[in-house]
Amino acid sequence: MSISVEGISKFYGEQKALDEVSFSVTRGEIVGFLGPNGAGKSTLMKILTGYLPPSKGEATVNSISLKENLHKIQQNIGYLPEHNPLYTEMYVREYLEFNAKIYKTDKSRIEEVITLTGLKPEANKKIEQLSKGYRQRVGLATALLHDPEVLILDEPTTGLDPNQLVEIRSLIRNIGKDKTVFLSTHIMQEVEAVCDRVIIINKGKIVADKKLNDLRVEKEQVIHVEFDYLLEPVAIQKIPHLMSARNIGGFAWELTFDTKKDMRPAVFDFAHDNGLKTLQLNQKTKNLESLFSELTR
Ligand SMILES: Nc1ncnc2c1ncn2[C@@H]1O[C@H](COP(=O)(O)OP(=O)(O)OP(=O)(O)O)[C@@H](O)[C@H]1O
């Protein structure tokens, strides 16, 4: 087990931020820790990385107990905090060298993480000159310096523009091929894009723990499609297996089908046969959305 959390509670004075939280993460999983603002995500991550003590409960990382050997745990964890604390007046390479000294890692690892995180073109700039996306990469590079087995990433894509978002998500997916990744977010699409599994927290309690594949294997299927022209709802009814069609703004529709079979080709063919262009076509995990709104309302 890479991460095991047992009955962790955390009080800030009178306020209970975490309430008997328990779960485990196995090696090689990418787990999304999803919850609304103030649900307790950062608090748990700070506990797992040793920045905060729990009020109650136990956690282990790679079978090492948080209580017994915090230092050893920190050697096994790469942590990207929510507010990435970078020394912005430093140059990127200089900053990584500084951190490599702290971790006592080999200097050759610096070039490896620069390549891995796509920092090469910016490596000779000062951190203050970097865009938010590249600063985030510096944070990830720092978290990866000592080649930890477990990565804990607190809202790694907050504030990024859509292009940076795609790049950082694909970077995390790549890193997750041989590391355990536990990442927090309040964005459902992030979980769908990156994770194998989702743990949902609300008001300090775990309210769901599901594999994304299990959520996808459902009878219903939802597709978001955008055409280049306005359609009458009656015209859309011609698509086979369609249960309902809802306009979600402009020329975009949410289509619900009563089949597991991938209906994207049928929607594409429908557009083509009716002289329409398909501007966007996405299969949604409706179940994650409904689960989230049901459990965190
Ligand atoms: N240092 C603190 N002192 C007092 N209360 C705190 C402290 N840190 C967090 N809290 C409270 O604990 C609860 C959980 O906060 P936490 O930051 O863990 O939530 P979160 O899920 O990470 O939220 P967000 O998505 O907004 O970052 C919130 O109600 C918050 O106000």
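Which element gives the most to the shell around the ligand, and with how many residues?

A: That element is helix α1, which gives three residues to the shell. Before going on, please keep in mind that this is a predicted model: local features need pLDDT of at least 70, side-chain atom pairs count only at pLDDT 80 or more, and totals for chains, interfaces and linings use all residues. Residues are numbered from 1 along each chain as its sequence is written. Helices (H or I, at least four residues) and strands (E, at least two) are DSSP runs, numbered from the N terminus.

Let us start with the ligand itself. It is surrounded by 13 residues, and the closest are Tyr 12, Asn 37, Lys 41, Ser 42 and Thr 43; a residue is near a molecule if its C-beta atom, placed from the backbone, lies within 6 Å of it. Two elements, β2 (15-25) and α1 (41-48), each give two or more residues to this shell. By type, the shell has eight polar, three nonpolar and two charged residues. Here Ala, Val, Leu, Ile, Met, Phe, Trp, Tyr, Cys and Pro count as nonpolar, Asp, Glu, Lys and Arg as charged, and the others, Gly among them, as polar.

Next comes the setting of these two elements. Helix α1 lies across β1 (3-12), β2 and β4, and runs at about 120 degrees to β1. Axes are lines fitted to C-alpha atoms, for helices over the stretch in contact (C-beta atoms within 7 Å, placed from the backbone), and angles run from 0 to 180 degrees between N-to-C directions. Below these names is an open sheet of four strands, in the order β2-β1-β4-β5, with antiparallel pairing. The edges are held by β2 and β5, each with a single partner strand, so one side of each has no neighbour in the sheet. Strands pair if DSSP finds at least two bridges between them, and β4 and β5 are joined by two, in the antiparallel sense. Thr 60 stands opposite Ser 65 in β5.

Two residues in this region deserve a look at their backbone. Most residues other than glycine have a negative phi. Glu 20, in strand β2, has a positive phi near 55 degrees. Ser 63, in the loop between β4 (56-61) and β5 (64-65), also has a positive phi, of about 65 degrees. A residue is buried if 20 or more other C-beta atoms, placed from the backbone, lie within 10 Å of its own, exposed if 12 or fewer, and partly exposed in between. With 14 such atoms, Glu 20 is partly exposed, while Ser 63, with 9, is exposed.

The largest nonpolar core has 59 residues, and Leu 48, Ala 141, Ile 152 and Phe 182 have the most contacts inside it. Such a core is a set of buried Ala, Val, Leu, Ile, Met, Phe, Trp, Tyr and Cys residues joined through C-beta atoms within 7 Å. Helix α5 (residues 132-144) gives the most to this core, with six residues. Phe 182 touches Ile 3, Val 25, Val 31, Phe 33 and Ile 152, leaving out residues up to four places away in sequence. In the whole chain of 297 residues, 35% are buried.

Conventions
Two residues are in contact if their C-beta atoms, placed from the backbone, lie within 7 Å.
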